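Work through the exercises below with the model open. Each task is followed by its solution.

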Amino acid sequence: MAFFRPRVSREAEVRYHADQEISKSLPELLEKARQAEETLQQLRAAGADELELREAGIALDKALTEALRAAEAGQRATFGVKAYDDRIARRKAKATPAGAMWTAEVDRLRTLREANRMWGIPRIPRPVPVAQ
């Protein structure tokens, strides 16, 4: 009697193909994030007010979040279809050179986003209503 491994689920295949499509947009999203970062640096150098810096910081945060989502999708797609259903396959795929490269890229983008959230977006106090 032969025992066969079950195939991957249909849901895993659908998610795999969706992640492949999402990851194709990563270069454009990284370029968008670079431009947002450059805009923020130019505003800082010009001595812009806090409202402009806040808007630029939030724009950078959105661009980094989009790039991070695309990089995570690329990472999952690189791990393969089996990794969607099997945590051991996911760990094995992470140890490959391609998996390690994607993991490093995801970690780098996550670090940039968190640093921007901590130090790049100025906090502006809310206006206090005056009682009359």
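**Exercise 1.** State the handedness of the crossing of H3 and H5, then describe how the two helices pack.

*Solution.* Step one: the crossing of H3 and H5 is left-handed (the near helix is turned anticlockwise from the far one by less than a right angle; clockwise would be right-handed). Helices here are DSSP runs of H or I, at least four residues, numbered from the N terminus. This is a predicted model: local features need pLDDT of at least 70, side-chain atom pairs count only at pLDDT 80 or more, and totals for chains, interfaces and linings use all residues. Residues are numbered from 1 along each chain as its sequence is written, and side-chain values use heavy atoms, with hydrogens and water left out.

Step two: the packing angle of H3 and H5 is about 165°, and their axes lie 9 Å apart. Axes are lines fitted to C-alpha atoms, for helices over the stretch in contact, and angles run from 0 to 180 degrees between N-to-C directions.

Step three: H3 and H5 are therefore roughly antiparallel (angles over 145 degrees; under 35 counts as roughly parallel, 65 to 115 as roughly perpendicular and the rest as oblique).

Step four: the contact of H3 with H5 involves 12 nonpolar, nine polar and five charged residues. Nonpolar means Ala, Val, Leu, Ile, Met, Phe, Trp, Tyr, Cys and Pro; charged means Asp, Glu, Lys and Arg; the others, Gly among them, are polar.

**Exercise 2.** Which way does H2 run relative to H3, and relative to H5?

*Solution.* Take H3 to begin. The axes of H2 and H3 come within 9 Å and cross at roughly 160°. H2 and H3 are therefore roughly antiparallel. Their crossing is left-handed.

Now take H5. H2 and H5 pack at about 30°, with axes 14 Å apart. H2 and H5 are therefore roughly parallel. This crossing is left-handed too.

**Exercise 3.** How does the reach of H3 compare with the span expected at 1.5 Å a residue?

*Solution.* H3 has 30 residues. From first C-alpha to last, H3 reaches 42 Å, close to the expected 44 Å (1.5 Å times one less than the number of residues). Just after H3, Gly80 takes a positive phi of about 105°.
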